[in-house]
Amino acid sequence: MGKYFIKKHCEADELITIALGRSQDYYYGNNSTSGYVTRDFEPRSFEVEQYGFNSVEEAKPLFMKMLEAAEKENKEGQWKTTLEIVEVNYER
């Protein structure tokens with residue numbers, strides 16, 4: 001069984017010499033109060049149940065909003081940011 005999350009992958013650009021080579025993954029879900037659900041790890045079963053979107057279509061409005069912000073981040077040239085909607089499986 002699976003639910004959907006928006007995965008934001010960020011890689012430091014050469015302009016951020018202190019973080020060069022650093023990458024981070026953020027998982028965003030539904031009704032997350034802190035912004036992202038997890039960082040650098042896929043959400044755990046209870047997080048999937050609580051915060052996962054039920055469908056790709058349900059995740060798309062947030063995805064589109066985040067895509068605009070990611071395009072701005074990429075233009076600044078400090079982080080290369082990519083987004084995708086991913087399915088995360090879990091067991092009850």
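How many bridges join strand β1 to β4? The legends below take this up in a predicted model.

**View 1. Strand β1 meets strand β4.** The count is 11 bridges, and the two strands run antiparallel. Strand β1 covers residues 2-12. Within this pairing, Ile 6 stands opposite Ile 85 of β4. Helix α2, residues 56-76, packs on the sheet. Helix α2 touches β1, β2 and β4, and its direction makes about 165° with that of β4.

**View 2. The whole protein has two helices and four strands.** From the N terminus, the order of elements is β-β-β-α-α-β. The protein has 92 residues, and 38% of them are buried. Take the contacts between residues at least 6 apart in sequence: 57% of these join residues at least 24 apart. The protein exposes about 6200 Å², with 47% of that supplied by carbon and sulfur atoms.

**View 3. Four strands build an open sheet.** Their order across the sheet is β3-β2-β1-β4, with antiparallel pairing. Strands β3 (38-39) and β4 (79-89) stand at the edges. Each has a single partner strand, so one side of each is left without a neighbour in the sheet.

**View 4. Thr 81 sits in strand β4.** Is Thr 81 buried or exposed? Its relative accessibility is 5%, so Thr 81 counts as buried. The side chain of Thr 81 makes a polar contact with the side chain of Glu 73, at 2.9 Å. Leaving aside residues up to four places away in sequence, Thr 81 touches Lys 8, His 9, Cys 10, Ala 70, Glu 73 and Asn 74.

**View 5. Three tyrosines, Tyr 26, Tyr 28 and Tyr 36, form one aromatic cluster.** The count comes to two aromatic pairs. Tyr 26 belongs to strand β2 and Tyr 36 to the loop between β2 and β3, so the pair ties together parts 10 residues apart in sequence. Tyr 28 and Tyr 36 also form an edge-to-face pair, 6.3 Å centre to centre with 80° between the planes.

**View 6. How covered are these tyrosines?** Tyr 26 is buried, at 14% relative accessible area. Tyr 28 is buried too, at 15%. Tyr 36 has 30% relative accessibility, so Tyr 36 counts as partly exposed. The cut-off for buried is under 20%.

Technical notes: Residues are numbered from 1 along each chain as its sequence is written. This is a predicted model: local features need pLDDT of at least 70, side-chain atom pairs count only at pLDDT 80 or more; totals for chains, interfaces and linings use all residues. Side-chain values use heavy atoms; hydrogens and water are left out. Buried means under 20% relative accessible area, exposed over 50%, partly exposed in between (1.4 Å probe, protein chains only). Contact means heavy atoms within 4.5 Å. Accessible areas come from the Shrake-Rupley method with a 1.4 Å probe; for residues, only the protein chains shown count as cover. Two strands pair if DSSP finds at least two bridges between them. Axes are lines fitted to C-alpha atoms, for helices over the stretch in contact, and angles run from 0 to 180 degrees between N-to-C directions. A polar contact is a pair of N or O atoms within 3.5 Å; within protein, one must be able to donate a hydrogen and the other to accept it, and residues adjacent in sequence count only if both atoms are side-chain atoms. Rings of Phe, Tyr and Trp (its six-membered ring) pair if their centres lie within 6.5 Å; planes under 30 degrees apart count as stacked, over 60 as edge-to-face and the rest as tilted.
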